[in-house]
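I opened my notebook next to the structure and wrote things down as I looked them up. Here are the entries.

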Amino acid sequence: MDVGGESFLRPDAARVYRWLSTGRGDFAIDGAFAQRLADVDGTVRTAAVINRLHHTLTAHFLAGRGFTQILDLGCGYADDWSRALQRRTTPLLSNVLPQATIVHVEIDAIAAGHAQSTMAGLHGNPGVLHADIRLMPELLAHPMIADRFDPSRPIAALLHDVLPWIGNDQETANALTALRSWLPPGSALSLTHATNDLSPTPHTRDQLTALWDEEASCTFRPRTRDAIAALLGNWPLLAPGLVPTARWHPGHPHTRAPDAHSGAYAAIAVTP
């Protein structure tokens, strides 16, 4: 996989998220940028951790509801192995759902390469696809997805901290429309999305957005609660609805943290 020389010249969202949520990473430029974000708003680290834990809790939740087909859109980096714990600090989806068909999708070439080495299991399950979710119809038609998933059975699609990195609202809406149209009856769509609604200091959030826009290789586009709800179309939401991420799962370790620490909303929508 060609990662290209320019991948190292500017901070990247997936790699910065890894620094924020785990304190580790491979490239100093991403770690330095993560620190700059934290200097502006100390809650960004907690928000990243909250989202990562939500991802694992959602996998357990979906397992409990009998889902055996998972499309992980924007998988980012898996946690590194902890020698002290003799396990990953948060498990892979394949650990939580060992019998499931899982495909991870990632736009960042370096993150996708890392996923291929850490997430891929026996018999090619789960698989990793390097692709752009803005091109959702083409992505869903790719053999790695079209040939692996059974359209007669429900699929759970995960979009955790992915859509804020698509700056164009129409592209985002088009991608979600195509995804909802493709998902079979009984499917679920789990979403987390950054917002400025929960920030006690909007100026701080504006500073964060400006840093991403000016210095990183991507655009950061927090959205309002209403805009996030619109991305889910007319699909009913499972209780507790569209809420700050740490408050979706009752067992989340940060469920009592101030909403500003989530910095994002979470929801699981199901086919109507």
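I count a contact, or a touch, when heavy atoms come within 4.5 Å. My model is predicted, so local features need pLDDT of at least 70, side-chain atom pairs count only at pLDDT 80 or more, and totals for chains, interfaces and linings use all residues. Residues are numbered from 1 along each chain as its sequence is written, and side-chain values use heavy atoms, with hydrogens and water left out.

**Entry 1: Thr172**

I looked up Thr172 and what it touches. Not counting residues up to four places away in sequence, Thr172 touches Leu163, Ile166, Arg223 and Leu231. Thr172 is found in helix α8, residues 169-182. Helices (H or I, at least four residues) and strands (E, at least two) are DSSP runs, numbered from the N terminus. Is Thr172 buried or exposed? Its relative accessibility is 0%, so it counts as buried. Buried means under 20% relative accessible area, exposed over 50%, and partly exposed in between, with a 1.4 Å probe and protein chains only. The side chain of Thr172 also reaches the backbone oxygen of Asn168 at 2.9 Å.

**Entry 2: the sheet**

Next I traced the strands. I found an open sheet of seven strands with mixed pairing, in the order β5-β4-β1-β6-β7-β9-β8. Two strands pair if DSSP finds at least two bridges between them. β5 (127-130) and β8 stand at the edges with a single partner strand each, so one side of each has no neighbour in the sheet.

Then I went through some pairs:

- β1 (residues 69-73) runs parallel to β6, joined by three bridges, and Asp72 stands opposite Leu158 in β6.
- β6 (residues 156-160) runs parallel to β7, joined by five bridges, and His160 stands opposite Thr192 in β7.
- β7 runs antiparallel to β9 (residues 264-270), joined by seven bridges, and His193 stands opposite Tyr265 in β9.

**Entry 3: strand β7**

How many residues of β7 (residues 188-194) are buried? I got seven of the seven, so the strand is largely enclosed by the rest of the structure. Ala188, Ser190, Thr192 and Ala194 point one way from β7, while Leu189, Leu191 and His193 point the other way.

**Entry 4: the nonpolar cores**

A nonpolar core is a set of buried Ala, Val, Leu, Ile, Met, Phe, Trp, Tyr and Cys residues joined through side-chain atoms within 4.5 Å. The largest one here has 34 residues, and among those with the most contacts inside it are Leu71, Ile133 and Leu139. A second, separate core of 18 residues includes Ile70, Val243, Ala266 and Val270.

**Entry 5: His249**

Where does His249 sit? I found it in the loop between β8 (243-244) and α11 (259-262). His249 counts as buried because its relative accessibility is 6%. Leaving aside neighbours within four places in sequence, it is in contact with His54, Leu57, Thr58, Phe61 and Thr255. The side chains of His249 and Thr58 make a polar contact at 3.0 Å. A polar contact is a pair of N or O atoms within 3.5 Å; within protein, one must be able to donate a hydrogen and the other to accept it, and residues adjacent in sequence count only if both atoms are side-chain atoms.

**Entry 6: the whole chain**

Last, I zoomed out. The chain has 11 helices and nine strands, and 53% of its 272 residues count as buried.
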